[in-house]
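Trainee: Please take a close look at a single part of this model, and then connect that part to the rest.

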Amino acid sequence: MARILLVEDNELNRDMLSRRLGRRGFAVTIANDGRQGLDAARSGHHDLILMDLSLPGLDGWTVARLLKEDPATRRIPIIALTAHAMSGDRERALEAGCDDYDTKPIDFPRLLGKIQALIVPRCQPVE
Amino acid sequence: MSRFSETKLAWGFGLVLTVLAANTLISFGDLAELRINTYSAAHSRDILEAIENVALAFKDVETARRGVLVDGNPNDFDAFDGAAHSLTDELEVLVHLAEDRPDQYRFCLLLQKTALARLDELRATLNRVQAGELEAARAEFSAEPIRARLKSLYELTDEIESRELTFHRTRVAERRSSIWRAFITFSIASTLALVLIGSIYALLRRYLSERSRADRTLRESEARVRLLLDSAGEGVYGVDCEGVCTFCNPAALQLLGYRSADEVLGRNMHDLIHHTHQDGQTFEVHNCPIFQTFRTGQGTLGEEDFFWRADGTNIPVEYRAHPIRRDGETLGAVVTFVDVAPKRHAETEMRLRERALKAIAQGVFITDPARSDEPIIYVNAAFERLTGYTQADASGRNIDLLTGPETDPHAIEELMAAFRERREASVMMLSYRKDGSTFWDALTIAPVEGPDGLVTHFVGVVTDITRPKQDVERIRISEERLRLMIESVREYAIFAIDLEGRVSSWNGGAERLFGYAESDILGQGADLLTTPEDRLAGVTARELDRAEATGRADDERWYLRQDGSRFFASVLVTPVRDEDGTLLGYTKVARDITESKRAEAELLAAKEAAEVANRAKSAFLTNMSHELRTPLNAIIGYGEMLEEEAREQGLAEFVPDLTRIHTSGKHLLALINDLLDLSKIEAGRMDLYLETFDLAALIRNTLATIEPIAERNGNALRAEIPDDLGSMHADQTKVSQSLLNLLSNAAKFTEGGTITLGASRKLDQGGVEWILLEVTDDGIGMTREELSRLFRPFVQADASTTRKYGGTGLGLTISRRFCEMMGGSIRVESEPGQGSTFTIRLPAHVPDQRPGVSISQGLDHKEGQAATWPGSYLSKTTN
């Protein structure tokens, strides 16, 4: 069962996403802010991180960069999530080391597709 | 010391050596001879001695024989044998000694032979005695032959002896003479050598004393030369044939800027001071005239040349280079030079004055005060022009030349007095030209003093002031006219400010504007007109300085009226100069622009207020849209989730309602997103993200998205995409969003029809490549009036269409703005009932810099990433 860390400060979004992912068979860990997200990512064994970018305190870009700089967490794929539909956000997310990017409101099937794309290659043995 | 003396000395020494050598040779010869003679004499004495011994041995033999014969004593036989034996030995000695004496040897041998023969005879005789035949023996002996033979033996002995004696005497004499000769020779040679040595000594003494005297003279002469060089004002230096400095006097060092001679001694002077022409070209040493001096042995003179100083500057010099020669051989050169800068300077100055004298408009003459009648010795060209008298005419005559019957006698008297008293004088008088015409002459004379304070010349200046007198009147009239004109200007304040900053003229306009009457303000500081704060800041002085420096100074600021009220004025200050450019003062022109200023300020304030309000509205919209979206996310998300759950759990009756919640939420979100986009565009905060992408792929993606919508209304979707459409450099998202908007509009407003998408590339006349995306439908179409409202935000062609067809009514506006941001456009052609054609026209390569548009440069992304991206706008444009 794939484990997903969801870093999201908005309670409703957090609840909805975690429940929907849970229903699809993912084990979801939640973190309320950047600091928590960073700690959770470092302590747990996650297959993927969904990262809201605009977080209070330590923002999502910073957390993503810190995780990608740390050899222990570098390999965990990160999908950045943001409400800002600006092209600059996407650039900044990719620059910070995020592996993919999606905008809110979440189009759930599309997000699922992205999650599968990043997790599956890691679960299946390389030919 | 001359060479001759040296030769003499050498000869002397040679002679002494020769004499001594000859002496030695001769003495050696003499000594050798002496030695031989001495030896010969000694040898001869030995021979004599041996002969003596032979003679004595004979005597002994005779005595023994006689004893035997007389008494027959047998003892005497023994004596005889002994004597005979001794005789034989002595003979042997004699022969041996005479071996190296050929003259005596023969005789000695004869003597030996004869003597031995006699001895044998005697022994034979004596043997008879032994035999008892004494008498017979006596008789035999007494016989004549034996006696005769004995006698001849004695004679032979005597002969040898006498010969030897003669020889011995000769040798002894010769030895003596040899000794004498050696002595005499030695004496003569020694004396001669002594004499010669004495002569040489005398010669040497003379030579040495001469030499020391010459040295002293030379040293004195050198000291004198050095003193001369040291005190010379000219620079002097010497060089050897290599051009290397061998001496340099203090004046040269000073002129060339060196502190001590050590800095130049041993250096190549050409390289040091003469290496470069003044124009910067290298002065090749083989072209250097000083260097030529060594070669040709000829002195040279340089007049227009430059020497380089230690500090890198150069000085103009005149130099002379003289070769130094000894015995026909050039040893080097002496160069003397002077710095001709002062001379050049004086020449230049002189030429300048000469030129000035020729050029000036005033007539100038010079007189010679040595003579009481003060004759003119020089007149300049202007004098010739002015008076008609040439230099030749004027020479020798005095200033009376210019006077005539109507010349003021007082003026003439004043001039004469000034000449007498050797002082300056200026007079105004009527002067006469050569042709008899007259002119008003402002004549000045001034004495010129020599260095000793005595007056050497008088200089006179003749100025024709006839014309200036007329000009003054003309200018006065013209000025009056100008003054009246300025006076009558009412709209502009025009006033003059003098160099002290005081108001020096004041026109009617100024009076009207500032309220001061001319009499109140004239002479007052112009600062009075400015506000107190400007006065403190020194604005007026700065303004005048700026005008003086740049020719004009304009400004807009507040000014003060006499009653203390303020007005806003535009001013222009210009400097006033005379013909020579000397600053006389300033004019200031001021105009009251308070009204227009106020109007302008109001306009500006209104504009700013409007902008602020607009910005506030945009900010509000942005924030509000963002705030609205957060709960909407939840509504849509939870709705969708519930819908899924209801389906899965078989609660079919809830599904349609939950779908309505979900789709309504999405519609609201699309509306809000459009509002957000629009407000961002309006606020100038929408960025372009440029990247290169495959256009056909983008179109295919968009078509896939629109297909379900098109099918919903029973429309057929046709696309005409050429294979070679290629790539495009633009904001992919915005292109996709615009195209999607056109397609979804077409799908919405067409039922059971056909929607056609055409794509093509076109080159325009300017060589720019364009992409054309054409969306054609055969739907309801639009009237002209509907078309005109089409691109206005919040306005659909018919308000009812929103209700009927959905959509925000913002899509077209946003799409058009997007296209415009990328330098393109959207055009529309439509007929009611005939359908519409919307055309997107975009540059194939959107320039990376466009005014007023913020652009971020994209990486050219991988196909996979690019393909997922345009889909993010799906929710905004579909129902």
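Mentor: B:Phe183 counts as exposed because its relative accessibility is 52%, where exposed means over 50%, buried under 20% and partly exposed in between (1.4 Å probe, protein chains only). The model is predicted: local features need pLDDT of at least 70, side-chain atom pairs count only at pLDDT 80 or more, and totals for chains, interfaces and linings use all residues. Residues are numbered from 1 along each chain as its sequence is written, chains are lettered from A and ligands numbered from 1 in the order written, and side-chain values use heavy atoms, without hydrogens and water.

B:Phe183 sits in helix 5 of chain B, residues 144-231; helices are DSSP runs of H or I with at least four residues, numbered from the N terminus. Together with B:Trp180, B:Ile184 and B:Ile188, B:Phe183 makes a nonpolar surface patch of about 460 Å². Areas come from the Shrake-Rupley method with a 1.4 Å probe, and for residues only the protein chains shown count as cover.

In soluble globular proteins, nonpolar side chains tend to be buried together. The largest nonpolar core has 45 residues, among which B:Ile699 and B:Val735 touch the most other members; a core is a set of buried Ala, Val, Leu, Ile, Met, Phe, Trp, Tyr and Cys residues joined through side-chain atoms within 4.5 Å. A second, separate core of 35 residues includes B:Ala50, B:Val61, B:Leu91 and B:Leu97. In chain A, buried residues make up 50% of the 127 residues.

Key
Patches are made of residues with over 30% relative accessible area and no salt bridge: like charges are joined within 9 Å, nonpolar side chains (Val, Leu, Ile, Met, Phe, Trp, Tyr) within 5 Å. A salt bridge is a side-chain nitrogen of Lys or Arg within 4 Å of a carboxyl oxygen of Asp or Glu. Helices (H or I, at least four residues) and strands (E, at least two) are DSSP runs, numbered from the N terminus.
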